[in-house]
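Subject: Structure handover

Hello,

Here is the structure I promised to pass on. Please open it first, then read my notes below.

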Amino acid sequence: MVPEIPFWNWEEKKIDVKYNTEQTIKSSKVACLADIPIQHLDYHSKRYGKFAIGFHRDSAIKNNFNPVFYSLQNSPIMNSIYSGLSIINSSTETYHIKSEIKRIDNLLDDIKKESFRPKNETNLTSFSWIDIKSNLEYQVDNLEKEIKATKESLSDFVAFVKTFNDEEFNSIYCEREWRTLNPFNFSFDDIAMIVLPRKGGFFENLIQQEIIPRQISIMAWEDLVEH
């Protein structure tokens, strides 16, 4: 819910404000990792289970992972970000400007057709509407590109913002999330540890297959957490 969104009212030709408007904010797609201390793995498992792949931090940084920005939901700073994105989204409707240019163009054509007196004809001929129109269309095209670039930049930033409510303070200490805008195509060299539960035979099966390089630690969940 965005408290205030200013917008241009094309019918009344003035700036109006929408209040308490529900907006859907779309961020860029991301890949996520969680920087979790071992002592907090048990807490994390209640949501995601007892399987984990631990990566070298250098590998995460190399793949452009960055810690997220934590913020309370509906805080003034978040409302400001949401409001800005909503304004940018509504500003992409430049077809109104193009419609106005087209309307003026048609109006001038009508005036030319209805003008019979030489002086009027001369005035219309000397009027450089074509130059003005070309300049306006050029400016509108540039505006669309700038709005698109700004929207993409803000969407990238929002992708690194994680909100939480008053009851979730503990979670941000147990799970420090990192995100990247890039796909994370990792290899064995990026992996530091693999954690699996003994229950169900997952740990023993992986050990017996001998497919994991020796430099990667394979840990049983029960040995790592439940002792």
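A word on naming first: helices (H or I, at least four residues) and strands (E, at least two) are DSSP runs, numbered from the N terminus. The model is predicted, so local features need pLDDT of at least 70, side-chain atom pairs count only at pLDDT 80 or more, and totals for chains, interfaces and linings use all residues. Residues are numbered from 1 along each chain as its sequence is written, and side-chain values use heavy atoms, with hydrogens and water left out.

**Overview**

The chain has nine helices and 10 strands. Of its 227 residues, 29% are buried. Buried means under 20% relative accessible area, exposed means over 50%, and partly exposed lies in between (1.4 Å probe, protein chains only). Contact means heavy atoms within 4.5 Å. Among contacts between residues at least 6 apart in sequence, 72% join residues at least 24 apart.

Neighbours within four places in sequence aside, Val-30 touches Ala-159, Arg-179, Thr-180 and Leu-181. Take Arg-179: it is 149 residues from Val-30 in sequence, yet the two are 6.1 Å apart in space, C-alpha to C-alpha.

Asn-63 is in the loop between H2 and E5. Asn-63 is buried, because its relative accessible area is 17%. Beyond the neighbours within four places in sequence, Asn-63 is in contact with Thr-180, Asn-182 and Phe-184.

**Strands**

Strands of a sheet pair through backbone hydrogen bonds, either parallel or antiparallel. Here, two strands pair if DSSP finds at least two bridges between them.

Two bridges join E5 and E8 in the antiparallel sense. Pro-67 faces Trp-178 of E8 across this pairing.

E4 and E9 run antiparallel and are joined by four bridges. Gly-54 stands opposite Met-193 in E9. Met-193 also stands opposite Ser-217 in E10. E9 and E10 run parallel, again with four bridges. Val-195 has Met-219 in E10 as its bridge partner. From E9 the chain crosses through helix H8 (residues 202–209) to E10, in a right-handed β-α-β crossover. Right-handed means that, with the strands pointing away from the viewer, the path from the first strand over the helix to the second runs clockwise.

Side chains alternate along strand E10 (residues 217–220). Ile-218 and Ala-220 point to one face and are buried.

**Aromatic pairs**

There are seven aromatic pairs. Rings of Phe, Tyr and Trp (its six-membered ring) pair if their centres lie within 6.5 Å; planes under 30 degrees apart count as stacked, over 60 as edge-to-face and the rest as tilted.

Phe-55 and Phe-186 make an edge-to-face pair, at 4.8 Å centre to centre and 70 degrees between the planes. This pair links distant parts of the chain, 131 residues apart: Phe-55 is in strand E4 (residues 52–55), and Phe-186 is in the loop between strand E8 (176–180) and strand E9 (191–196). Phe-55 is partly exposed at 21% relative accessibility. Phe-186 is also partly exposed, at 39%.

Tyr-70 and Phe-164 have ring centres 6.3 Å apart and planes at 65 degrees, so they too are edge-to-face. They are 94 residues apart, with Tyr-70 in strand E6 (residues 69–72) and Phe-164 in strand E7 (residues 161–164). Tyr-70 is partly exposed at 28%, whereas Phe-164 is buried at 7%.

Ring pairs also link Phe-55, Phe-65, Phe-184 and Phe-186 into a cluster.

**Largest pocket**

A pocket is an open set of points on a 1 Å grid over the protein atoms alone, where a 1.4 Å probe fits, with protein on both sides within 12 Å along at least five of seven lines; lining residues have an atom within 4 Å of a point. Grid points are joined across faces, edges and corners, and a volume is the space filled by probe spheres set on the points.

The largest pocket holds about 810 Å³. Its lining has 26 residues, and Ala-34, Ile-36, Ile-53, Gly-54 and Phe-55 lie nearest its centre. At least two lining residues come from each of E3, helix H1 (41–48), E4, helix H2 (57–62), E8 and E9.

Best wishes
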